[in-house]
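Have a look at the model on the screen, and I'll walk you through a few parts of it.

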Amino acid sequence: VLIGVAGAYSQREIQTPVMILLIYYCFSLRKRKVASCSAVDPSLCFVRAGLKAKCGAFTDAEKCYTRCAQKEHRTIDSLYARAMVRGHLRNFQGALEDLDKILAMDIKQFRVHTARGAALNNLGRTAEAESAYSSAIFYEPDNARAYRGRAVARILLGRSSEALTDLDIAV
């Protein structure tokens, strides 16, 4: 509703009601158990999952993103969001599986390569993480996050001079 009238109001006037709705939704999630997204329109389920994640209800958000992916609604976005939520839940192997599914659909997703590098680093697979960050840089040469991640991987691999070069580029 707010999006439809966005032209009539300033950004600040819209942000306040949106924040109030977000705070109310977060409060209601904590006060009662919210029904699953199974019967909900997939686009609403995706938005609902995002709100749950913003409220810190990561387990519920993961379930909603799973339903979205199963309904093939915004599959790449749903899998990516679920991978991010799984990262918050410290389920790095699950996140890696989601990211690999996305890359099977679209290899050029630089944000996925970057997230994949982070998941691999957290799993202790540093050489693979460096490779994932390098792929992200290949597809998006201005990706400072990928340069920083690759620098961390290179430091862990004992290649400090290459890490410093990456950090210089990231800055």
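So, helix 3: 13 residues, spanning 18 Å from the first C-alpha to the last, close to the 18 Å expected at 1.5 Å a residue. That expected span is 1.5 Å times one less than the number of residues, and helices here are DSSP runs of H or I with at least four residues, strands are E runs of at least two, all numbered from the N terminus. Before I go on, this is a predicted model, where local features need pLDDT of at least 70 and side-chain atom pairs count only at pLDDT 80 or more, while totals for chains, interfaces and linings use all residues. Residues are numbered from 1 along each chain as its sequence is written, and side-chain values use heavy atoms, with hydrogens and water left out.

Which residues of helix 3 are buried? Ala 61, Glu 62, Cys 64, Tyr 65, Thr 66, Cys 68 and Ala 69. Buried is under 20% relative accessible area, exposed is over 50%, and partly exposed is in between, with a 1.4 Å probe and protein chains only. Their cover includes helix 2 and helix 4, the latter being 75-88; contact means heavy atoms within 4.5 Å.

Now the ends. Ala 57 sits in the loop between helix 2 (42-54) and helix 3 (58-70), and it counts as buried because its relative accessibility is 19%. Ala 57 is also 28 residues from Val 85 in sequence, with their C-alphas 9.3 Å apart in space.

Searching the whole structure turns up zero disulfides.

Zooming out: the protein chain has nine helices and zero strands. Of its 171 residues, 40% count as buried. For contacts between residues at least 6 apart in sequence, 42% join residues at least 24 apart.

Last stop, helix 9, residues 160-170, which is where you'll find Leu 164. Leu 164 counts as exposed because its relative accessibility is 53%.

How values were computed: A disulfide is a pair of cysteine sulfur atoms within 2.5 Å.
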